[in-house]
Every structure is written in C-alpha cells, then in structure tokens.
Amino acid sequence: MFKTYIEQCLAGEALLEEIDDFVARWHNESNFERSLPEFLGFSEDEYALWAENPGLLGYIVFAHKNKISLHKVLEKDLSIVARSESSEESRLE
C-alpha cells in the first residue's frame with residue numbers, strides 16, 4: 001500500500017527535510033494517477049500555502065497529526081507570537 005509523505009512523516013518513516021525527495025519522486029514516476037498534493041498527502045489549500053511558504057511544512061504535519069485544520073494551527077500560533085513580549089519568545093519552533 002502506498003503511503004503519502006504526510007503519512008510517512010506521522011509514522012516516523014520520513015523526515016521534514018525529505019519533502020524534496022518526494023517531489024522529485026513524483027516528477028520521475030511515469031504514472032501520474034495522483035496530483036502532487038495528493039501524492040504528498042496535502043489538501044489543495046495546504047499545498048498552495050506550502051508552495052508559497054515552505055516554512056509552513058512543520059505546521060502542516062502538526063495539523064495532520066492533531067487532526068485539526070492548518071488555519072486553526074496558524075491562528076493559534078500567530079496569536080501566541082503576537083502576545084510574546086520579546087523577539088526570543090516569539091521564535092517559532
């Protein structure tokens with residue numbers, strides 16, 4: 001059974017840093033039955049946001065792990081950042 005990139009990340013079988021390998025694998029396969037977002041395990045919205053800002057990848061995986069929307073994760077994280085008192089506290093980890 002084929003596992004998406006997200007599924008492999010959640011299973012501990014892939015690292016965040018390996019996403020480019022998955023994208024290359026999709027481009028190199030002769031069978032394009034799945035779109036790239038489907039191959040990665042992203043929704044169309046998640047894919048669009050990730051393509052625009054690759055730094056959101058950890059948030060996307062976190063959202064899938066916790067079965068919540070990416071937008072809720074980002075809203076919560078941005079409210080924490082906005083309330084922090086120093087730049088050190090506002091660093092996104």
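**View 1. The buried residues of helix H2.** In helix H2 (residues 19-28), the buried residues are Ile19, Phe22, Val23 and Trp26. Looking down the axis of H2, these buried residues fall within an arc of 100°, so they line one face of the helix. Their partners in packing are helix H1 (5-10), helix H3 (36-40), helix H4 (44-52) and helix H5 (57-65). Turn to the other side of H2 and you will find Asp20, Asp21 and Asn28 exposed. Here, buried means under 20% relative accessible area, exposed over 50%, and partly exposed in between (1.4 Å probe, protein chains only). The arc is taken from the directions from the helix axis to the C-beta atoms. Helices (H or I, at least four residues) and strands (E, at least two) are DSSP runs, numbered from the N terminus.

A quick note for all views: this is a predicted model, in which local features need pLDDT of at least 70 and side-chain atom pairs count only at pLDDT 80 or more, while totals for chains, interfaces and linings use all residues. Residues are numbered from 1 along each chain as its sequence is written, and side-chain values use heavy atoms, with hydrogens and water left out.

**View 2. Thr4, in the segment before H1.** Thr4 is buried, with a relative accessible area of 8%. Setting aside neighbours within four places in sequence, Thr4 is in contact (heavy atoms within 4.5 Å) with Arg34, Glu38, Phe39, Leu40 and Gly41.

**View 3. Glu13, in the loop between H1 and H2.** Is Glu13 buried, exposed or partly exposed? Its relative accessibility is 45%, so Glu13 counts as partly exposed. Not counting residues up to four places away in sequence, Glu13 touches Lys3, Gln8 and Glu18. The side chains of Glu13 and Lys3 are joined by a polar contact of 2.9 Å. Such a contact is a pair of N or O atoms within 3.5 Å; within protein, one must be able to donate a hydrogen and the other to accept it, and residues adjacent in sequence count only if both atoms are side-chain atoms. From C-alpha to C-alpha, Glu13 and Lys3 are 9.9 Å apart in space, and they are 10 residues apart in sequence.

**View 4. The whole protein and its confidence.** The protein has six helices and zero strands. Its pLDDT (the predictor's confidence in each residue, from 0 to 100) averages 85, and 81% of the residues score at least 70. Confidence is highest in H1, at 98, and lowest in helix H6 (residues 70-83), at a mean of 72. Over residues 84-93 the pLDDT is below 50, and this stretch has six contacts in the model beyond near neighbours in sequence.
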